Amino acid sequence: MGRARSEKSPSTHMDAYGICDNMRRMFHPLRIHPVIAGVIAATFAAAILTVLDISERARIEQERRVQVAQKLSEVRARFEGVLNSVMSSARGLAAALVANPEIKPDKLSGMLAELMRHNPSIRNIAIAEGTVIKQVYPRKGNERLVGIDYASLPRQWPAYRRMMESQQVIVAGPVMLIQNELGIIVRVPMFDVQNRFLGSVGLPIRLQQLLDDTGQAARRDAIGIALRTKPPSGQAGEVFYGLPALFAAHPVVEEIVLPGGGAWEIAGHPDTGWGKVTQGLLVLRATGIAICLLAGLMTFSLVRNMSLRRENEQRLSESESRLRQRNLALSATSQGVLIADKSGIITYANDAASRLTGYSRNELVGNSCSILQGPATSRETIVEIRELMIAEQAFNGEILNYRKDGTPFWNDLSITPVFDAQQRLSQFVGVLRNVTERRQAEDALRIAAIVFEAQEGMMVTDADIVIQRVNQSFTRITGYSAEEVIGKRPEFLKSDKHDAEFYHAMWDKIARDGYWQGEIWNRHKSGELYLEWLTITAVASTHGAITHYVAGFFDITHVRDAEEKVRQLAFYDPLTLLPNRRLMMDRLSQALPASTRSNAYGAVLFIDLDDFKTLNDTRGHDVGDLLLVEVAQRLLACVRETDTVSRFGGDEFVIMIENMGVDERIAAAQTEMIGEKIRAELNKPYQLHDFEYHSSSSIGVCLFLGNELQIDELLKRADAAMYQSKRSGRNVLRFFDPEMQAVLEARLSMDADLRQALARQQLRLFYQMQVSQHGQVVGAEALIRWKHPRRGLVSPTEFIGLAEETGLILDIGQWVLDTACAQLKAWESQKHAQRLQLSVNVSARQFRQEEFVDLVRCALDSSGANPARLKLELTESIVLEDIAGSIAKMQEIKTLGVSFSMDDFGTGYSSLAYLTRLPLDELKIDRSFVHNLGIKSTDAVIVQTIIAMADTLGIDVIAEGVETEAQQSFLGSIGCKLYQGYLYSKPVPLAEFERLLSIEWATD
């Protein structure tokens, strides 16, 4: 039977009927007048309620004390928060004044204004030197504070002296401020590094405003607060905020400890007092009066009706006799029987009901029928039963109930109402029958039907493999309806991708183990092939004979497709569709052991496209991607299908070739032939969108045999060979050899040392004179040298290229620029050097920095050098990579006053188209042309042309590499007016350069 609550809870029964029962036992043996008994009961109840009233008032007072304590803690926390903020600001100001005693007045005023803006309770800020106030902020209205000596103020001097002695922040107060208002003063001492007292920072705080701000929370809750000092003697201090009488009203008191010594007491008291009568207390008192009256009336009624009870007891005895006879009859039935009163409380249970539910009869009787309900009991059925019971009607149905041990059981329940002779409802009789097994069987059949129609395709055949039944998923996956396949054998699903041996092995396993599972390709009705995961299970009778075969399958074609996509993403380059680094490493790990077994050589070719970055930067990455795709196709066409072509990243490709024979020389020759074929193929022009592009490649090769080399070492050697190819002029093929390894290791060692060169101050600037046609020194070129403790003086030709590759050139270039500007500033004080121009070389990576203009400006500003004395040297290749951007950047630097020189002019494009657009001040003729003057007539023509062109454009010309008088004479005859070279001086350290300069000055 469903669990239904009675109309009165057990607690209600105890409150009303329990009291009556106690009174009944009290007065039963007495013969007392009903009125006297009622008065006694009312008096007893009144005494109890008086005690409850006193207890409730004490509880209310305690709650209010907790609330007041919380508010006082909040006020104290806010006060301490404001005080800590002021102290933190004061410490910061004192530290700033000690660290920077010469701080400018306007900057100091700004700091003080900002401090007061963040701390509005501060009255003003006083800065004292020693004990005398020297500065005050704000000045207006506080002029009379300046010059006051704290030693002359009796109320403030003790705290000030304590601050000096303790060297700690002191909070003094309450004190009467000089502005005639009560406040506290935060003082921070200032000491120098020798611990000498310098003075102090004082921040008077308006106490009234501070306490008004922090006490808002208490006033909102109608709580009065007061503060007083707390003398060390333990006596009551002076009240300086709030009403003194509040401390005598038994308040909540907390202590506020002030930094530097001293303390206050803060007290809180509700405005309405501790004992205000609450609405709850009034309700309690009204309820008490009602209970007293009720107790008296109930006692009166109880005593009066005792005589009637004796008569009822006699009738009850007769009724119990009849009930015992009825119980004997109900106990004999096999079905559970429960009898409940109108409220659903069980009054009888037979043995069958006890066996069915697991509860004893005593546990059932007196309990609600809801004791049999559980978490899965139908709420709708319970509601239905209750509605029928209220309507005094019968119920027949099934409901899920729970035994005492928590196990569920299905119950076929019949509830019948029973009426007395006056047709009034007296009780309900419930008959219970366990139908769990029948319900489980029905559920099993329903589940089996649902499982058969699940997402998995199902097919059932007889022992002769003739289809008997299929489900809807079978039709969805295969395209065949049940009518089309029932009665047929499943051969029509074959895809012809598996041979007879496959099916033979499958049926052998089914015969041996009773099942088979695996992947199999089948054919859809439309003819499309699909991959399925198939499980075939043999069904045997009780005698072991096969009666049926059950096949379950899923279409996993999309799973295989997804796996292939994942594999493609994991092991193949998405742009070129070539194997990526991971797949190449995997294939190398298989190729090395295979080479050991076959004793045949293999080879790794490391290929890098030349000048690929320039294409990306000038034409865009989309064009660069087109080139990479075309290169991948050409590489595949140059090798066998068994070889592996991979893209390692960027413009780097790696090819692995296997089975090159057992003779190393033959293997090397074949590899070189393949490499040259690849190089020639990659040299052919590419059609990229609407233009033709020419490219070349640098190829490094390393042979391998077995496991002599680890994979990483093998790739490292091929990479080293590729870099050797680039150093050899690019567009060539190079094999790895031990000498190359030594060069690589030396390069790595130099890279490690170069990264420490700046920090260890190993870099130097050398200076080479630049002279006029009259022999006067007009400038110099700053040239970097590396003074290494072991390598000695390292030429830039040995490390500048490495610095470019590693990116160290940015830090080195900035150091050169800063050092050159500092030197220009130093020369301003030297008569023989103050008019010199200094040329500084700028690298490609340095010039391409977005912030390069700001870096030049910063170097000039920090050094104070004259920008007109600084000349930046750029090469043609730097400018031509992005002409428009280069021009804009050069124009911006020109506005600073800096000039530009085009270095190595004549070795690049040397086009008038860009030369007329560039804001150049000077062209530097490359030393290769100067060296061949008098040797190659064409070089003389080129030099003459450059000078004439520059003269036409109004650009100066300087020739570098001048080593002979004949070269100078020829250059002068064709109009060149500036020279640089060993004829005048080689690059020398600063001291030597200045010595030569002073000699030249003295000679002039």
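Predicted model: local features only at pLDDT ≥ 70, side-chain atom pairs only at ≥ 80, totals over all residues.

Reader: How do the lining residues divide into nonpolar, polar and charged?

Author: Eight residues of the largest cavity's lining are nonpolar, four are polar and one is charged.

Reader: Nice. Changing topic: what is the strand order in the open sheet of four strands?

Author: The order is E7-E6-E9-E8, and the pairing is antiparallel. Strand E7 (239–241) and strand E8 (252–257) are the edge strands, each pairing on one side only. On average, neighbouring strands in this sheet are turned by 30 degrees against each other, direction ignored.

Reader: How many bridges join E8 to E9?

Author: Six bridges join E8 to strand E9 (residues 263–270), and the two run antiparallel. As an example to look for on screen, Ile256 has Trp264 in E9 as its bridge partner.

Reader: Good, I'll find that pair. Now on to E21: why is it described as largely enclosed by the rest of the structure?

Author: Strand E21 (residues 644–649) has five of its six residues buried, so it is largely enclosed by the rest of the structure. Buried here means under 20% relative accessible area.

Reader: What does E21 pair with?

Author: E21 pairs with strand E22 (residues 652–657) in the antiparallel sense, over five bridges. Within that pairing, Val645 stands opposite Ile655 in E22.

Reader: And which residue takes a positive phi in the hairpin of E21 and E22?

Author: That's Gly650, with a positive phi near 60 degrees; the hairpin has two residues between the strands.

Reader: One last stop, Asp712. Does it count as buried or exposed?

Author: Asp712 counts as exposed, because its relative accessibility is 55% and the cut-off for exposed is over 50%. Asp712 sits in helix H21 (residues 711–727).

Reader: How far is its C-alpha atom from that of Met585?

Author: The C-alpha atoms of Asp712 and Met585 are separated by 8.9 Å, with the two residues 127 residues apart along the chain.

Terms used
Residues numbered from 1 in each chain as written. Heavy atoms only, no water. Nonpolar A, V, L, I, M, F, W, Y, C, P; charged D, E, K, R; others polar. Pairing = 2+ DSSP bridges. Axes fitted to C-alpha atoms, helices over the stretch in contact; angles between N-to-C directions. Buried < 20%, exposed > 50% of the residue type's maximum accessible area, 1.4 Å probe, protein only.
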